[in-house]
Amino acid sequence: MLYSGKMIILNKEQEKFKKEFLNPIKFSLYFLKNVPMGWFSGMKLKKLSEKNAVSYVPFKWYYRWQNKNPFRSMYFAVQSMGAELSTASIATLAIKGIKPSIAFIVTGMRSTYFKKATDNTIFRCDDGEKIFNAVTQAINSKKGVSIEVKSIGKLEDGTIVSEFFFTWSFKQRSNEN
């Protein structure tokens with residue numbers, strides 16, 4: 001990965017990850033094995049690029065009853081998973097193939113809810129350049145770098161239902177074993 005502040009050029013590992021994570025079968029198998037609650041909710045990744053990512057969480061009662069709360073809307077934790085996926089997929093893309101590798105973790109999260117999520121919900125994060133820049137800073141400084149990124153949740157008709165802010169911390173590992 002090369003980020004100059006103007007253009008992001010992906011390395012081979014990043015290109016491979018992007019292709020595989022956008023493959024519905026490989027994505028589903030990965031989530032079944034590594035993030036079973038995400039798999040159980042039916043989350044999907046619809047778009048992944050250096051600039052943004054779009055995730056999708058189904059709601060329809062006949063399809064994903066487990067995503068609902070008693071108030072006939074999507075449970076806030078399910079929304080949180082969908083929103084995190086839209087930011088985490090970009091963060092994962094940004095660190096692929098970096099040597100020594102980069103450790104990353106969510107260190108904070110806050111959210112605001114505007115309307116009930118009563119239908120399938122789409123989460124979009126447009127902070128890809130910010131994430132790639134943070135990874136570049138972590139590599140250059142050899143210190144931890146924290147950033148806050150936003151994901152907006154909308155119903156399929158465009159109604160905004162929620163906003164999530166995730167604080168991601170990136171740090172280059174000092175020793176690869």
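Q: Let's begin with Phe21: does it count as buried or exposed, and why?

A: Bear in mind that we're looking at a predicted model. Phe21 counts as buried because its relative accessibility is 10%, and the cut-off for buried is under 20%.

Q: And what does Tyr30 count as?

A: Tyr30 comes out at 39% relative accessibility, so it counts as partly exposed.

Q: How do I read a pair of aromatic rings?

A: You describe the pair by two things, the distance of the centres and the angle of the planes. Take Phe21 and Tyr30: their ring centres are 5.5 Å apart with 70° between the planes, and that makes the pair edge-to-face. Now compare Phe164 and Phe166, with centres 6.1 Å apart and planes at 10°, so this pair is stacked. Both Phe164 and Phe166 are buried.

Q: How many aromatic pairs does the structure hold, and which residues do ring pairs link into a cluster?

A: There are twelve aromatic pairs in the structure. As for the cluster, ring pairs join up Phe17, Phe21, Phe27, Tyr30 and Phe31.

Q: Which ring has the charged end of Arg110 over it?

A: That's Phe165, with the charged end of Arg110 sitting 4.1 Å from the ring centre.

Q: On to the core. Which residues of the largest nonpolar core touch the most other members?

A: The core has 41 residues, and the ones that touch the most other members are Phe21, Leu48, Ile131, Ile147 and Phe170. Helix 4, residues 76-95, gives the most to this core: nine residues.

Q: What is Ile147 in contact with, leaving aside neighbours within four places in sequence?

A: Its partners are Lys130, Ile131, Ala134, Phe166, Thr167, Trp168 and Phe170.

Q: How do you find empty space in a model?

A: You roll a probe the size of a water molecule over the atoms, and that shows where empty space is left. Here the largest pocket has about 460 Å³ of space. It is lined by 17 residues, and the closest to its centre are Phe21, Tyr30, Phe31, Val35 and Thr92.

Q: Which elements give two or more residues to that lining?

A: Helix 1 (12-21), helix 2 (24-34) and helix 4 do. Helix 4 gives the most, with seven residues.

Note on methods. Residues are numbered from 1 along each chain as its sequence is written. This is a predicted model: local features need pLDDT of at least 70, side-chain atom pairs count only at pLDDT 80 or more; totals for chains, interfaces and linings use all residues. Side-chain values use heavy atoms; hydrogens and water are left out. A nonpolar core is a set of buried Ala, Val, Leu, Ile, Met, Phe, Trp, Tyr and Cys residues joined through side-chain atoms within 4.5 Å. Buried means under 20% relative accessible area, exposed over 50%, partly exposed in between (1.4 Å probe, protein chains only). Helices (H or I, at least four residues) and strands (E, at least two) are DSSP runs, numbered from the N terminus. Contact means heavy atoms within 4.5 Å. Rings of Phe, Tyr and Trp (its six-membered ring) pair if their centres lie within 6.5 Å; planes under 30 degrees apart count as stacked, over 60 as edge-to-face and the rest as tilted. A charge sits over a ring if NZ of Lys or CZ of Arg is within 6 Å of the ring centre and within 35 degrees of the ring normal. On a 1 Å grid over the protein atoms alone, a cavity is a set of points where a 1.4 Å probe fits but cannot get out, and a pocket is an open set with protein on both sides within 12 Å along at least five of seven lines; lining residues have an atom within 4 Å of a point. Grid points are joined across faces, edges and corners, and a volume is the space filled by probe spheres set on the points.
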